[in-house]
Amino acid sequence: PYCIFFYNKYMAIKEKVFQILSENKNSVISGQVIAQECNVSRAAVWKAISALRNEGCKIEGTTNGGYVLSESLDIFSKEILHAELEKKFPQYSECHVECFKEIDSTNSYAKRLLSEAGSLRDSNGKLTPGGKKYHKSIFVAESQSAGRGRLGRTFVSPAKTGIYLSVIYAPKNSIEEPAKLTAFSAVAVCRVLKELYDVQPKIKWINDIYINEKKVAGILTEGFVNFETSRIESAVVGIGINISDNPEFFSSGLENIAGSINGNCKNEIPRCTLAARIAGEVFGIFEEDSSHVIEEYRRDSFLIGKTVEVHPFITEDKSVYEAKVIDIDDSVRLVVELPDGSKQFLNSGEVSLHSV
């Protein structure tokens, strides 16, 4: 118990030190002032500074015993992410956060935690101990060795070119329409990209984000089912975003399909800032009025009015057919019109533009 208490206290000091430095970025703050604000010794401040430097924070020391946090900061750390959440989404600033240099897949990791934690809510809808820890939690990685997309596809996700994050969401009344989580997350990503980068992203039903006709982000939502009730109690929403051009695109045949944020915009946003903004926006949009978000999804969609090829089952070429997209309904189903004038409502499957 003593060791656990000491560890938690140490982590709290490190986060507080980072908060003080980030709030006074490019200004020298003396070690004594930091120690007084944290109510600890200067030795404890020095340990926290050393730990932050080891994580990649650029903290410079001065001859008078002061410290300054460099403006150029583009690393992932729990402290930075918490600080970024505090700026825009203080209601989520205390949520559980984990950051990785590399991981197999943030979605796979989150699902493993859910398997170990069990149900996140009890029969009365109250959060269990596991639910209190993992509901609205965030997992961010700088690279993935086994990133995944829909239908078992590989999501290429090397270091230094993007962000790969997953969130866990466990609403009180379970998840009845999982497709909405994907669609709402797509709208959340578009909102953040519009605000931070001044671009006009578009959504390709149901889970891809495009800028200038190239895919810059993808979303994968996976449910966690209670086998006793057969209800989806929680979901893992994974979001991968290409920040800069990825050299692996050209070796994997994706150069004509995949794009990047920086390839369309000159704004330089720290990746941790982007990750925090997207996670906070996703959590918030899940609580918004559904009809308003669906309407926003329709406005951001670029398929309405287009002729597409529909692949109901991606492995069966004989099932492919042509149709015109005429709407997206309130359940996020793609409404298509066949050549004979009849309509179909697509819950799943793949669509591609007819010209592709």
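These numbered points go through the confidence, sheets, helix packing and backbone details of a predicted model.

1. Confidence. The model is a prediction, and its protein chain has an average pLDDT of 84. A score of at least 70 is reached by 85% of the residues. Residues 1–10 stay under 50 in pLDDT. For that stretch the model has three contacts beyond four places in sequence.

2. Seven strands make up an open sheet with mixed pairing, in the order 4-5-6-10-9-8-7. Its edges are strand 4 (97–100) and strand 7 (202–204), each of which pairs on one side only. From one strand to the next, the twist averages 20°.

3. Strands 9 and 10. Within this sheet, strand 9 (residues 214–226) and strand 10 (residues 231–242) run antiparallel and are joined by 10 bridges.

4. Helix 4 against helix 9. Two packed helices are described by the angle between their axes and the distance between the axes. For helix 4 and helix 9 (residues 271–285), the angle is about 55° and the axes are 9 Å apart. The two are therefore oblique to each other, and helix 4 passes helix 9 in a right-handed crossing. On the helix 4 side the contact is made by I80, L81, E84, L85 and K88. Helix 9 contributes C272, T273, A276, R277 and G280. Sorted by class, this contact of helix 4 with helix 9 has five nonpolar, two polar and three charged residues.

5. Helix 7 against helix 9. Helix 9 also packs with helix 7, at an angle of about 135° and with the axes 9 Å apart. Helix 7 and helix 9 are therefore oblique to each other. The crossing of helix 7 past helix 9 is right-handed. Helix 7 supplies F184, S185, V187, A188, V189, R191, V192, L193, E195, L196 and Y197. These meet L274, R277, I278, E281, V282 and I285 in helix 9. By class, the contact of helix 7 with helix 9 has 12 nonpolar, one polar and four charged residues. R277 of helix 9 is listed in the contact with helix 4 and in the contact with helix 7.

6. Another open sheet has three strands in the order 1-3-2, with antiparallel pairing. Strand 1 (29–30) and strand 2 (59–61) each have a single partner strand, so one side of each is left without a neighbour in the sheet. Strand 2 pairs with strand 3 (residues 66–69) over three bridges, in the antiparallel sense. I59 has L69 in strand 3 as its bridge partner. Helix 3 lies across strand 2 and strand 3 and runs at about 135° to strand 2.

7. Backbone points to check. Which two residues does a cis peptide bond join? They are W205 and I206, with omega at about 5°. I206 is found in the loop between strand 7 and strand 8. N39 has a positive phi of about 60° although it is not a glycine. Its place is in the loop between helix 2 (31–38) and helix 3 (42–54).

Conventions: Residues numbered from 1 in each chain as written. Predicted model: local features only at pLDDT ≥ 70, side-chain atom pairs only at ≥ 80, totals over all residues. Heavy atoms only, no water. Pairing = 2+ DSSP bridges. Helix = DSSP H or I, 4+ residues; strand = E, 2+ residues; numbered from the N terminus. Axes fitted to C-alpha atoms, helices over the stretch in contact; angles between N-to-C directions. Parallel < 35°, antiparallel > 145°, perpendicular 65-115°, else oblique. Left-handed = near helix turned anticlockwise from the far one by under 90°. Contact = heavy atoms within 4.5 Å. Nonpolar A, V, L, I, M, F, W, Y, C, P; charged D, E, K, R; others polar. pLDDT = per-residue confidence, 0-100.
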